[in-house]
Amino acid sequence: TVLQTRLSEAAHQERHADLLRDLATALRTTIAIAAPVGILVSVLRVPIIQLIFERGAFDSTATQRVAALLPWMLPGMVAMLCVVMLFKALFARGDLRAGVVLGVLGPAMYFALSGWLSGLFGVRGIGAAYSITWITIATVGVDSLYRTRERGWRVLHRSTVVFAGKLSGAIAVSGAVTGFATHLLFHEAGSLNTVGLALRIAAASAFGASTYLAIAVYVWRIPELSAVLRALKIDFN
């Protein structure tokens, strides 16, 4: 009986370690895909909003106001995608208390920060409150899952520090290339029709995305992105 108990505990610990490893990979993959998309949208926010909304009563002034808000919200959108997976992992582990705490903390923190920051920075403060809330929830969720096992933190940290450095470099270069392409392609955006605007957005996005993939996959060889490309049967090499 004692042996069976120990074997059961060992199996449970191994399943938990597998969960942590799989979750770390899933989080890195999500960030590796969502973060560069967020940068592209942030850099191209004005022409994208022009293409989608600027008609009728939605004029260039409204476009500029919405465009000014997007960079404040996009980091929170990336964090929100991670939080979805963190909640699933918490419930898979049976940690309902942590799920409830995070579920209550999120709205309370968002409304409190929105009231405070909107008074200081207007609508941008609401965007900042959104991002701060989701990033905080993601951080607390990761801590809830990994702090219970020293080995769990090692699994998370061992490759994540290197991953963060490589990803940051690839995103920075991609953002710079996208910004340069945007400067060249949209200096006369006000005179473009819908088709011309859409084609130039696609071209600038292609420049930025291809630069990111070239650096992240070919130069840095980030394994999470390589795995996604293999799953899509894309041979980037």
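This is a predicted model: local features need pLDDT of at least 70, side-chain atom pairs count only at pLDDT 80 or more; totals for chains, interfaces and linings use all residues.
Biologist: What is the make-up of the protein in helices and strands?

Modeller: The protein has 8 helices and 0 strands. Read from the N terminus, its elements run α-α-α-α-α-α-α-α. Of its 237 residues, 37% count as buried. Among contacts with a separation of 6 or more, 69% join residues 24 or more positions apart.

Biologist: Why is Gly76 called buried?

Modeller: The term buried applies under 20% relative accessible area. Gly76 has a relative accessible area of 0%, and therefore it is buried. This residue is found in helix α3.

Biologist: With which residues is Gly76 in contact, leaving aside its neighbours within four places in sequence?

Modeller: Gly76 is in contact with Tyr130, Ser131 and Trp134. A contact requires heavy atoms within 4.5 Å. As for Ala128, its C-alpha atom lies 8.3 Å from that of Gly76, although the two are 52 residues apart in sequence.

Biologist: Why does Gly106 count as buried?

Modeller: Gly106 has a relative accessible area of 10%, and the limit for buried is under 20%. The value falls under that limit, so Gly106 is buried. Its place is in helix α4, residues 96–121. Apart from residues up to four places away in sequence, Gly106 touches Thr133 and Ile137.

Biologist: Why is Thr25 called partly exposed, whereas Thr30 counts as buried?

Modeller: Partly exposed covers the values between the buried limit of under 20% and the exposed limit of over 50%. Thr25 has 35% relative accessibility, so it counts as partly exposed. Thr30 has 18%, which is under 20%, and therefore it counts as buried. Thr25 is found in helix α1, and Thr30 is placed in helix α1.

Biologist: What surrounds Thr30, leaving aside its neighbours within four places in sequence?

Modeller: Thr30 is in contact with Ala35, Leu81, Cys82 and Met85. For Thr25, the C-alpha atom is separated by 9.3 Å from that of Thr160, 135 residues away along the chain.

Biologist: Is Phe207 buried, exposed or partly exposed, and what makes it so?

Modeller: Phe207 has 47% relative accessibility. Exposed would require over 50%, and buried under 20%. Leaving aside neighbours within four places in sequence, Phe207 is in contact with Val177 and Ala181. The C-alpha atoms of Phe207 and Val177 are separated by 7.0 Å, the two residues being 30 apart along the chain.

Biologist: Why does Ser144 count as buried?

Modeller: Its relative accessibility is 10%. Buried means under 20%, and so Ser144 is buried. The residue is placed in helix α5. Beyond its neighbours within four places in sequence, Ser144 is in contact with Leu90, Arg93 and Ala98.

Biologist: How is the packing of helix α2 and helix α7 described?

Modeller: Two packed helices are described by the angle between their axes and the distance between the axes. For α2 (residues 45–53) and α7 (residues 194–219), the angle is about 145° and the axes are 10 Å apart. Their crossing is left-handed. Pro47, Ile48, Gln50 and Leu51 in α2 meet Thr194, Leu197, Ala198 and Ile201 in α7. By class, this contact has 6 nonpolar, 2 polar and no charged residues.

Biologist: What is said of phi in Arg221?

Modeller: Phi of Arg221 is near 55°, a positive value in a residue other than glycine. Most residues other than glycine have a negative phi. Arg221 is found in the loop between α7 and α8 (223–231).

Biologist: How much space lies in the largest pocket, and which residues are closest to its centre?

Modeller: The largest pocket holds about 650 Å³ of space. Of its 26 lining residues, Leu27, Ile31, Val78, Ala79 and Cys82 are closest to the centre. The elements giving two or more residues to the lining are α1 (2–43), α3 (60–92), α5 (123–146) and α6 (150–185). By class, the lining has 20 nonpolar, 5 polar and 1 charged residues.

Terms used. Residues are numbered from 1 along each chain as its sequence is written. Side-chain values use heavy atoms; hydrogens and water are left out. On a 1 Å grid over the protein atoms alone, a cavity is a set of points where a 1.4 Å probe fits but cannot get out, and a pocket is an open set with protein on both sides within 12 Å along at least five of seven lines; lining residues have an atom within 4 Å of a point. Grid points are joined across faces, edges and corners, and a volume is the space filled by probe spheres set on the points. Helices (H or I, at least four residues) and strands (E, at least two) are DSSP runs, numbered from the N terminus. Ala, Val, Leu, Ile, Met, Phe, Trp, Tyr, Cys and Pro count as nonpolar, Asp, Glu, Lys and Arg as charged, and the others, Gly among them, as polar. Buried means under 20% relative accessible area, exposed over 50%, partly exposed in between (1.4 Å probe, protein chains only). Axes are lines fitted to C-alpha atoms, for helices over the stretch in contact, and angles run from 0 to 180 degrees between N-to-C directions. A crossing is left-handed if the near helix is turned anticlockwise from the far one by less than a right angle, and right-handed if clockwise.
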